Amino acid sequence: MTPERWHRVEEVLQATLDRPPADRAAFLDEACAGDDELKSETSSLVEAYDEANDFFAEPAIAQDARVIFNSDAQIDAGREIGPYKIIKRIGGGGMGEVYLVHDPRLDRLVALKLIRSWFVSDDALLRRFQTEARVASALNHTNILTVYEIGQDSETFFIATEYIDGLTIRERIRAADLTLKDVLEIAGQLLAGLEAAHAAGIIHRDIKPENVIQRRDGVVKILDFGIAKLLEKPSPETPSEPSPVVRTETGVGVMLGTIGYMSPEQVRGLPVDERTDTWSCGVVLYEMLAAQRPFGGQTNADTLVAMLEREPVPLFGNGAQTHPALRQIQVVVDKALRKEPVERYQTAADMRADLEEIKRELEINKQSSAIRVQTNVRDIQSLAPQTSSPRLRRSIVMAIAALLITIIFAALFLYQRHQARARANALSANALAQRPYLQMTEAERLTFVEAQEQRISAMMGDRPVKLSDEALRAIKVRVDRYAARQNSASLKPGEEDLRQVYARAPEYIPVIARAFAARKIPIVVGVYLPLIESAYRPCYENEIGAKGLFQFVPQTAEHYGVSRAEMCDVQKMAPAAAHFIADRMAELGDDAQSMTLVLLSYNRGEDAVRESLRRLRETDANYERNFWTLFANRDKLDETFQKESAWYVPQFFAAAIIGENPDAFDLQMPTLSSFARDVSEKR
Amino acid sequence: MPAWRLLKSDKIAPRLFLLHRKMMSVSASSVTQLLVDWQQGDQSALKKLTPLIYDELRRIAHRYVQHERNGQTLQTTALVNEAYLRLAGQKKPEWQNRAHFFAVTAQVMRHILIDHARRRRYLKHGGQFQQVTLEEASMMSEDRARQLIALDEALDELKDFDSRKSKVVELRYFGGLSLEETANALDMSVMTVRRDWRAAKAWLFRKMQEGNESDDRAWASRQSEITNRQSAMS
């Protein structure tokens, strides 16, 4: 194509694209009258344009980052790292790969865990690596993986450990070939290893089937002390690592692998001790027997709720005819999974002793060896004494079923009455808000969260909608987490006491209120924005360089006249944020849904916002638009927005609920919105 | 002293950080200089810049993937921005330099990806003679590789009759820049960038589709050629 020809074609193309899709055909006819070639050329481009948008929607740099990263992930066989010669890659962990290597000095096989150079600039990961080596090398026990050495080869750090030729418990569970005897054996050895670790003052904190491996000769080894914690006063150079829950905070649905194994106190961010490992052992034991975890759910939030509030489904059914050994196992699992640490097994040794006893009994009765567990509960129930005739058994089953149905109905009835009463309590005279949140029962908390959400939605000018259970729980989990930040002992590094955070509000809320009022943005939005964005830290800088109360990337900030150095200055940033939000609202509409998308997308550019909004509206032009429709419809958004919606929307309300109910959270101050309103009214 | 004791005494870690920082600051001044040279028309400067940027981007991209796994999101502009800040030092960057940096980054990204896509296609079609690791084969989909190559070729053609639009696409698509950033980098108005971008998208996409069709024919004929040769040999 010549430049001249293209010039002509583009002219018509641009003019066509300026028109709404419905008018384009007519316009083309008119504009290309008599020039069929021009017309077909342009109309094929218009056609291509519609499809092209999909292809170009996400830049290649984002789509293909995985490729760039992966292109040299593999280290070739034969290469040498320190004294070791690579044989093959046998696994990949969170921070590095694991290779099978040969140590020519001792002529033995060694497992080498490598940490790549690019992690070295990442403080937390290197520290985790160090912890792992330090902790594991302090332990010398058959059931704990032996660490040979730690070293460095130019840019690569490595840990050399004994090589275990065997299967992880995860693999064994998948293979579904565990017998009851295997299960008891594995659990016993696992607990023996933990006993040794606890005796050395070390808590593992990440016991899960992936981290336990069984050698072909049956010996069980505990791996990965990467987030282990020293029980006794951590030395200053070993600040305790953030536990995985910190990471889950930023990504709903990502950490499922680990979240299912953490104890309630670990999830709540409370101090943990060896009893957290006992809990995790209980989960692993349950999973080996049932081939599924005791607490599960479709999302992390569901799993968390299940773990915090529900009792696991009994392993072997409720039948009275269950074998005594199985009933005893149930007792052990129940005790390991008590929500309150004080009610749990206090030591790994106690739990192991109980399991040992069961094992002994089974061995005496020679009953255990052939019994396969999991996936097929009936096999286990074959342990039941076969005294009753089939007909009798059937009638027993029917009776039990009838009983169960009755119990379920009764429970449902009681639950509903309980809920209704709790709700009535909350709504009458706002009684709950007067009570400390931390003292509320789970049901009361939910009711409280629901009532407050409705109130805050109304304050923002949104027509409140009834929230789904999922949404309510998502908010509650976050409120819980913040509410727990009320004594310095339970705080993780980088976290602050809630009161400390809100004590800063008098400094920045007037500034934000003025800036947002000047741009006619609902004040509630402005006031809580900085609280969610920075996870309550005023000048927090995240890994991508987004920074300050509003978490702009420098590019965005600069676009609104704030230099990188000024990004923590609320005086500069508040007007910029207000400006940015107002700009987008002017363009996209001022309904809360558009606004939410805007809030979620500072750094993604307005094209992405526009496109997502278009897609949402296309699905149903008439639905009520507010914060929660976005949350409820997040599956129609692209992946980034999905994640952000799942995280920010509930987070926003959690921040608002706390700020609007200072009394319930023991914050000695007026509600933040009244505070902000006073300021903006005085203008 | 055994190596793990070294780590235990926390001696290695701080040293490593220092080393890292030193390397960064050494390249910082040279990157700035190279950008200036390139801006003034010294093409060899680009050659020197490329590996530096490549390494940095890859390092960051690695973390990008990690974060993705943890459910965090990382914006592409921020990615490039971080690369720039690291390479050019933490001082307040000159806008002009940064604009050029973005331009270079976009080019580098394009090269990396196209290079990769070509290798991917090679593996698919001629690679039976080549040892292929599982990871390598699964990295980029065949479709994606084909699309990228088609885009690259179309972009070259576009450059011949409208080089400004090819630049816009390079920055937007391979560099991940927003409309505003692209406008800044190319010293154009946002409006013009927006119009260029949409016209270019339409033209490129149509071209890519044509390309795909002929590409398929080319592979088909090559495949039959190989088959013929094999049957002739046996």
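Helices (H or I, at least four residues) and strands (E, at least two) are DSSP runs, numbered from the N terminus.

I also noted that this is a predicted model, where local features need pLDDT of at least 70, side-chain atom pairs count only at pLDDT 80 or more, and totals for chains, interfaces and linings use all residues. Residues are numbered from 1 along each chain as its sequence is written, while chains are lettered from A and ligands numbered from 1 in the order in which they are written.

**Entry 1: the hairpin.** I looked up β9(A) and β10(A) and found a hairpin with 4 residues between them. In its turn, Gly218(A) has a positive phi of about 100 degrees. The two strands run antiparallel and are joined by 3 bridges. Across them, Ile213(A) stands opposite Lys221(A) in β10(A).

Entry 2: Which strands stand at the edges? I read the order as β7-β9-β10 (chain A), an open sheet of 3 strands with antiparallel pairing. β7 (166-168) and β10 (220-222) of chain A are at the edges with a single partner strand each, so one side of each has no neighbour in the sheet. From one strand to the next, the twist averages 25 degrees.

**Entry 3: two helices.** Next I turned to α1 (residues 3-17) and α3 (residues 36-56) of chain A, whose axes come within 10 Å and cross at roughly 50 degrees. Axes are lines fitted to C-alpha atoms, for helices over the stretch in contact, and angles run from 0 to 180 degrees between N-to-C directions. α1(A) and α3(A) are therefore oblique to each other; angles under 35 degrees count as roughly parallel, over 145 as roughly antiparallel, 65 to 115 as roughly perpendicular and the rest as oblique.

**Entry 4: the whole chain.** Last, I looked up the totals: chain A comes to 30 helices and 11 strands.

Technical notes:
Pairing = 2+ DSSP bridges.
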